[in-house]
Structure formats: C-alpha cells, structure tokens
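Here's a quick tour of how one protein chain is put together. Have the structure open beside you as you read, and check off each pair of helices as we get to it.

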Amino acid sequence: MMAWLSLALLLQVDAFTIESKKITPEIRKEIEKLDAIRNDAFDSAKKQVAAKLPGEFQVILEAVDGADPDPAKFTRHSGMTAETSSRDHPKVKIRFYVEYFANGLGSPESTLRHEMVHAVMRLDLGNEKYGKLPKWFREGVAVFIAGQMQEKLSHGLMQPSVAKDPETLLDGLEDADHNLGDYWEDAMAIVSLSSLPMRGPLWKVIDHVRDGKDYKLAIEMVTGKPFDDFVKDAREHATKSLLAQVAQGRQMYGTYAEIARLNEESGALCETFLKQWPKVPLRSAVLYYRAKAAKDEGLAAFDEFLASAREPHGKVDFIDDAKLRKARLLAKKDRAKESAELYADIVYWHIGSAVAIDALYEWGLLIHPDAKAAPLLKRALELAPKHRLADKAKKLVE
Ligand SMILES: [Zn+2]
C-alpha cells in the first residue's frame, strides 16, 4: 500500500517535455539531470514551506525555445531563465528556456529548486492568494529555500555601484523597480523572519495567508510588532550581515568599482586585480573589463572571459556583449567568415539582451550582398526601425 501511494505521489511531478528545435545532446543531458532531482526538489520545497497541497495536482516541466532558430524570424525574449505559471489550478507549469542552458545558465539545479518553491506555494495558496503576496516575499522564500543566498549576494556585488558602496544593495523591500539585484535583500528578510526564537515563523505567516489574511497582518501576527518595525529590523539584520561579509574584501570591491569606472582604460588595474585576487567571484567580471580594455588585441581575452562566464559566479549577463565585441574585432581583422559565424551564434543563442539586435544588423551588413543578408536586415528593421544602423540597412534592402 505504502509503495503504491508513494508511486502515485511521484507521478505528480512530470518529467520534462522538450519542445525545442535548438536542443543539443549537451542540453538534453542537463535536462536529464534536472529530471533526476525533480522529486527531491519538490519534496524539499514542500517540507520547507510546510505546504498543504490539494489532493490532486500536477507539476508540468517544460523546456522550450525562447526564440525561433530561424534568424529571419528573430525575436527578443524576456531575459528570464525560467518561469512558473498556473492558469489551470491545481496544475502548475515550470518552463525553462533552452537558450539559457547553452548561454548563461550557470546552475540549472538551483534554478529548478527555486522555481519548485514558486510552484509548491502556488499549489498551496492558489493563484489569487499567491499573486497578492509582494514580490520580495515570493522571491525571498524561493531564494532562501533553494539555497541561493551566496549566489544572489555575489550577483548583487558584481554591480559596480554596489561594490563601491555595498549598502546600496539594500534599497528597501518594497521598492518600485524590483529586480534580480534585490533578491539577496528579499531572502535576508525571510532569514530574519525564520530566525525568530520560535518554531516555524515562516510557516505561520504562510498559514495566516492561507487563511486569507493580508501578508502584512500575517507578519504582524507572527512577529508581534508593526509591519514597519519588521521591515526596519530586517534591514538592520541584512546590513549587519552584508557589512560582515564584505569587511574582508573592502579593498577588492573598491578596486572592482574603479575598474568599472575606468572601463576601457582599466587594463593595468585589471592585471593588478587578477594577480592579487585570482580566485574570487568577481574574477569573471574583471576578465570582461580586461578584454574590453585590450581594444584591438582583445580576441584571446574575450575567449578567456567567455569560458569563465559559464562557470559558477560567471558574469553571464555580459556574454552577449562580449560575443558582439569579439565579432566586431574578427571583422576588423578581415576574418569575416568567423565574424559572421559569431554574429549568427549571438542571434541564435541570445538570452534577451539588447545587443542581439545590434548583432542582427551587423551580421546582415557584414555578409551583404549575400542572399542571406536581406531577410536579416528586413527583420532587424521591423523590430528596431530607429536603430543607428537602420538607414544603412534600408538602402540595401529597398
Ligand atoms: Zn523567482
């Protein structure tokens, strides 16, 4: 009986379905690894938020292309690695974009664990109550439970303004433009809630939300103080933790901020940095600035950066820009064929960055009058008619 029951539970988290023209054997292997941990990710999310799930439910896992592989049908995409949605409660869908496995998904496993927390809470609370929770709470719980605190802190500290003045990372839980840079602060508020001297305060907040209470009231009921005081205390807690974590590295973060400020003139300082701190999370970002600063001689340095970007702590959001700069350098050095291949690669695998449009224009202009050029330029003109290369492109296709 027990064996049958647990089997029935297992079947509620489906294996990935792959709906992709871009899938490669390597990406397939990454997805198999995710399939192997999907039940564990689900069970641990369920346990850690003490979820009360409906009797029947389904978690659907999907890998899809963010954009069509045909460059003439080029589209921008969201810039999201994965997303969780539910139109048809109690069914929840976690969708991974295939491009990210190739180009910028450093840790698919923690991403799945993160999305699984969103999925479990959606199933538990239903779309309406879950949707009413503020973003900091939803993301904070997901980051905390998926074990992404360090990853998100590194990500935050890679922003030069934050490296220069770490406390700017803490811009308020309920700030208007909530983005990835806020995730560490969000999770710290959940940590601060979870470290109260009683059992399961996070669970109790979720219990009250499940009962239909507003999240602010739920937090007040559990912490026994006004919501604003909770926010203030969480901020103090986060500030203390942040300052302790960067205390050893003040000089390093300061140097990094200066590298970003010097930008294309930062070559010498990059060398100093890499010699002094060869194995820190900021290394990948510094390799990017070093390649940029090498100007016409940056080819090998861009390759070194690109390799680093796909490792843990890699500066993934610079990948497309680095490839674009490398493609330009190749063209400049009369290596047009390699340059065209790299432009094609950016357009094919891009992860939503604005430079993909530059690549589409520059690729078309580079290979013109080849017959393949016109569809690229036409598509670029459709999507970005006011681009700085639009006039040039128009003359060639009209
Ligand atoms: Zn999330």
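Let's start with helix α14 (residues 283-293) and helix α15 (residues 299-309), whose axes come within 8 Å and cross at roughly 160°. Bear in mind that this is a predicted model. Angles over 145 degrees count as roughly antiparallel, so α14 and α15 are roughly antiparallel to each other.

**More on α14 and α15**

- When α14 passes α15, the crossing is left-handed.
- On the α14 side, the residues that meet α15 are R283, S284, L287, Y288, R290 and A291.
- Facing them from α15 are A301, F302, E304, F305, S308 and A309.
- Sort the residues of this contact by class and you get seven nonpolar, two polar and three charged.

**α17 and α18**

- Next up are helix α17 (residues 336-349) and helix α18 (residues 355-367), with axes that come within 9 Å and cross at roughly 145°.
- The crossing of α17 past α18 is left-handed.
- α17 brings A336, S339, A340, Y343, A344, I346 and V347 to the meeting, while α18 brings A356, A359, L360, E362, W363, L366 and I367.
- The class count for the contact of α17 with α18 is twelve nonpolar, one polar and one charged.

**α9 and α10**

- Helix α9 (residues 201-210) and helix α10 (residues 215-223) have axes that come within 9 Å, crossing at roughly 140°.
- That makes α9 and α10 oblique to each other.
- Is the crossing of α9 past α10 left-handed or right-handed? It's right-handed.
- P201, K204, V205, H208 and V209 make the contact from α9, and Y215, A218, I219, M221 and V222 make it from α10.
- Those residues in the contact of α9 with α10 split into eight nonpolar, one polar and one charged.

**The whole chain**

- Zooming out, how many helices and strands does the protein chain have? There are 20 helices and four strands.
- The radius of gyration of the chain is 23 Å, close to the 21 Å that the globule rule gives for 398 residues, so the chain is as compact as a globular protein of that length.
- Along the principal axes, the C-alpha atoms fill a box of roughly 65 × 50 × 40 Å.

**Domains**

- The chain is divided into domain 1 (1-132), domain 2 (149-247) and domain 3 (269-397).

Conventions
Residues are numbered from 1 along each chain as its sequence is written. This is a predicted model: local features need pLDDT of at least 70, side-chain atom pairs count only at pLDDT 80 or more; totals for chains, interfaces and linings use all residues. Domain bounds come from an automatic or database domain assignment. Axes are lines fitted to C-alpha atoms, for helices over the stretch in contact, and angles run from 0 to 180 degrees between N-to-C directions. Helices (H or I, at least four residues) and strands (E, at least two) are DSSP runs, numbered from the N terminus. Angles under 35 degrees count as roughly parallel, over 145 as roughly antiparallel, 65 to 115 as roughly perpendicular and the rest as oblique. A crossing is left-handed if the near helix is turned anticlockwise from the far one by less than a right angle, and right-handed if clockwise. Two residues are in contact if their C-beta atoms, placed from the backbone, lie within 7 Å. Ala, Val, Leu, Ile, Met, Phe, Trp, Tyr, Cys and Pro count as nonpolar, Asp, Glu, Lys and Arg as charged, and the others, Gly among them, as polar. The radius of gyration is taken over C-alpha atoms; the globule rule is 2.2 Å times the number of residues to the power 0.38.
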